[in-house]
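Reader: I have some labels to check. Please show me the value behind each one.

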Amino acid sequence: MIALFGTILLSAMLCRIYLQLALRWRIVDTPNARSSHSRPTPHGGGVGLLVAFTLGLLLAVQLYGDWHRQYYIITLAAQVLMVLGVVDDLLQLSVRLRLGVYAAISLVVVGLLLSPTSS
């Protein structure tokens, strides 16, 4: 329970800090015709959640012992995709590039999870 509540608390704190920094540094998405929001909204709000999850996972490993390899594979893939999302928010990457990276990461994850050594 320590890891769970610590992760929840850290997630809330990191999201609040990121929101303040994103507004200060103007890391915001300006609404357009495809937007679901009507005013500028900070980019990358999920960064705090994913960082807290990863740190919570590492804390859980320390407190409760090692986890199955699959959890690490999924966590690493999520981190890579999160970084891709942040880079896309900042640099406006092409849809083709993002789709290609998402497809490649997904195929690697499926391959690793279905391999005989993943159990």
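Author: Start with I8. I8 sits in helix α1, residues 2–24. This is a predicted model. I8 also belongs to a nonpolar surface patch, made with M1, L4 and F5.

Reader: What makes M1, L4, F5 and I8 a patch?

Author: Patch members need over 30% relative accessible area, and nonpolar side chains are joined within 5 Å. M1, L4, F5 and I8 make such a nonpolar patch, of about 450 Å².

Reader: Where does L9 lie, and why is L9 called exposed?

Author: L9 lies in helix α1. Exposed means over 50% relative accessible area. L9 has 53%, so L9 counts as exposed.

Reader: How far apart are L9 and P116 in space?

Author: Their C-alpha atoms are 37 Å apart. In sequence, L9 and P116 are 107 residues apart.

Reader: How many helices and strands does the protein have, and in what order do the elements run?

Author: There are 4 helices and 2 strands. From the N terminus the order is α-β-β-α-α-α. The C-alpha trace spans about 45 × 35 × 20 Å along its principal axes.

Reader: What share of the 119 residues counts as buried?

Author: The share is 24%. The cut-off for buried is under 20% relative accessible area.

Reader: Take G48. Why is G48 called buried?

Author: G48 has a relative accessibility of 4%. Buried means under 20%. At 4%, G48 therefore counts as buried. G48 is in helix α2, residues 47–64. T30 is 18 residues away along the chain, and the C-alpha atoms of G48 and T30 are separated by 21 Å.

Reader: How do you know that R98 and D88 form a salt bridge?

Author: The test is a side-chain nitrogen of Lys or Arg within 4 Å of a carboxyl oxygen of Asp or Glu. For R98 and D88 the N to O distance is 3.2 Å, and the pair meets in a salt bridge.

Reader: What does this pair tie together?

Author: R98 lies in helix α4 and D88 in helix α3, residues 69–91, so the pair ties together parts that are 10 residues apart in sequence. A search of the whole structure finds 1 salt bridge.

Reader: Are the two partners buried or exposed?

Author: D88 has a relative accessible area of 13%. The limit for buried is under 20%, so D88 is buried. R98 has 26%. Partly exposed is the range between the buried cut-off of 20% and the exposed cut-off of 50%, so R98 counts as partly exposed.

Reader: And V101? Why is V101 called partly exposed?

Author: V101 has a relative accessible area of 26%. V101 is in helix α4, residues 95–114. V101 and V80 are 21 residues apart in sequence, but 9.5 Å apart in space, C-alpha to C-alpha.

Reader: What makes the phi of R26 worth a remark?

Author: Most residues other than glycine have a negative phi. Phi of R26 is near 55°, a positive value in a residue other than glycine. R26 is found in the loop between α1 and β1. Its relative accessible area is 70%. Exposed means over 50%, so R26 is exposed.

Reader: What is the phi of Q92, and why is Q92 called exposed?

Author: Phi of Q92 is near 55°, a positive value. Q92 lies in the loop between α3 and α4. Its relative accessibility is 60%. With exposed set at over 50%, Q92 therefore counts as exposed.

Reader: Which residues lie nearest the centre of the largest pocket?

Author: D29, N32, H43, D88 and Q92 do, out of 13 lining residues. The volume of this pocket is about 270 Å³.

Reader: How many of the lining residues are nonpolar, polar or charged?

Author: The lining has 1 nonpolar, 7 polar and 5 charged residues.

Notes: Residues numbered from 1 in each chain as written. Predicted model: local features only at pLDDT ≥ 70, side-chain atom pairs only at ≥ 80, totals over all residues. Heavy atoms only, no water. Patch = residues over 30% accessible without salt bridge, like charges linked within 9 Å, V, L, I, M, F, W, Y side chains within 5 Å. Areas by Shrake-Rupley, 256 points an atom, 1.4 Å probe, with all protein chains shown as cover. 1 Å grid on protein atoms, 1.4 Å probe; cavity = no way out; pocket = protein on both sides within 12 Å on 5 of 7 lines; lining within 4 Å. Points joined across faces, edges and corners; volume = space filled by probe spheres on them. Nonpolar A, V, L, I, M, F, W, Y, C, P; charged D, E, K, R; others polar. Buried < 20%, exposed > 50% of the residue type's maximum accessible area, 1.4 Å probe, protein only.
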